[in-house]
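Have a look at the sequence and the model first.

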Amino acid sequence: MRVILAAMPANFKAELVGCFGQPVAENPTGAMQEAAFQALGLNWRYLTVEVRPAKLCDAILGVRAFGMQGVNLTIPHKVAVIEHLDEIAPDAAIIGAVNTVRRDGERLIGDGKGFLRGVRTDAGVDPRDKRVVVLGAGGAARAIVTELVLAGASDVLVLNRSVSRGEQMVSDLVSKTRAPIRFERWRDTYEVLDGTDILVNATSIGLYPDVDTMPAVDLRGAHPGILVCDVVFNPPETRLIRAARERGVRVLDGLAMLVYQGVIGFELWTGRKAPEAVMKQALRQALGLV
Ligand code: NDP
């Protein structure tokens, strides 16, 4: 008697995604994506690949040649990758940087989203008509301010230590979006006003190993309904997040921002709903937080 072993033809081909950066070895994104693929039984692989700046063009040709479904870009490729892609999403075009590339047929499309999904999903806050204060004017701040104004924030105040960097970022974003973004030099302790709905630390203050440093802000005048966010994810419990918790206000830590970038990538690539809890847990494990 013949036994029929499988009703479906075998498929040993994995779909490929990954991350290009330099340095890249400590990037934990692969751990959360691989956990998500496993949880959904997908034969997908996430490759964490060190790519030198001079080889970025070849690496993107490799994405095309291997039929990879997409890649994340990290330092130093987020801006340089743009010229190698076929299309840039509107938000990424304004930000001027791409963190996720997805494939649409033969076309590679760059995206820049990440922060707002956490604000909406984790903190339950819609940025429309909200007054926001953003600390910092680097790459993370630029992406966050862009997402906030495209989502309809009514007033965004950017505070930065270096005036030239802050002014340049704000004038560039205002000219591209015509949105209500203002700049103030951040010199002394900034007293958060009662009218502020969302405060975001988009600086690296509090990042390991300087875990005892805290952005110079005073939360005593803040409204009880304020949402305090920190982009720093190592450690996620920064001094700012602790200070906000002590005041009893809502918080969104940098880990949430990182997870939701992964969630967005997963959903763009696979077209499936991402297993968010699995991804959060895998990221915590990868960062040694559990
Ligand atoms: P950049 O180097 O581009 O910008 C750093 C910003 O921090 C600048 O505005 C700088 O001000 C400010 N800053 C740094 N030190 C101080 C200080 N002592 N006092 C006042 N301001 C200071 O960095 P990125 O924007 O790329 O990254 C910022 C942080 O965001 C990093 O900690 C990074 O790990 C984190 N990040 C988190 C992500 C997430 O998913 N959670 C994603 C991306 C980044 P100045 O212009 O005056 O120098």
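Pro-23 sits in the loop that runs between β1 (15-21) and α1. In this predicted model, the peptide bond joining Gln-22 to Pro-23 is cis, with omega at about 0°. A cis peptide bond also links Asn-234 and Pro-235, and its omega is about 5°. Here the proline belongs to the loop between β13 (227-230) and α7 (239-246).

One more backbone feature is worth a visit. Asp-129, a residue other than glycine, has a positive phi, near 65°. You will find Asp-129 in the loop between α4 (115-121) and β7 (131-135).

Now to the helices. How does α1 pack against α9, and at what angle? Helix α1 (residues 29-39) and helix α9 (residues 276-286) meet at an angle of about 140°, and their axes are 8 Å apart. Angles over 145 degrees would count as roughly antiparallel, so α1 is oblique to α9. The crossing in which α1 passes α9 is right-handed.

Helix α1 also packs with α8, at an angle of about 45° and with the axes 10 Å apart. That angle therefore makes α1 and α8 oblique to each other, and their crossing is right-handed.

Helix α8 leads us on to the ligand. Which element gives the largest share of the shell around the ligand? It is α8, with four residues. There are 21 residues around the ligand, and those that come nearest are Ala-137, Ala-140, Asn-160, Arg-161 and Ser-162.

| Residue | Protein atom | Ligand atom | Distance |
|---|---|---|---|
| Ala-137 | backbone N or O atom | oxygen | 2.9 Å |
| Arg-165 | polar side-chain atom | oxygen | 3.0 Å |
| Val-231 | polar backbone atom | nitrogen | 2.9 Å |

How much of the ligand does the protein bury? Taken alone, the ligand exposes 920 Å², and the protein buries 73% of that. Two elements, α5 (139-150) and α8 (254-270), are the ones that give two or more residues to the shell around the ligand.

Terms used. Residues numbered from 1 in each chain as written. Predicted model: local features only at pLDDT ≥ 70, side-chain atom pairs only at ≥ 80, totals over all residues. Heavy atoms only, no water. Near = heavy atom within 4 Å. Polar contact = N/O pair within 3.5 Å; in protein donor to acceptor, adjacent residues only side chain to side chain. Areas by Shrake-Rupley, 256 points an atom, 1.4 Å probe, with all protein chains shown as cover. Axes fitted to C-alpha atoms, helices over the stretch in contact; angles between N-to-C directions. Parallel < 35°, antiparallel > 145°, perpendicular 65-115°, else oblique. Left-handed = near helix turned anticlockwise from the far one by under 90°.
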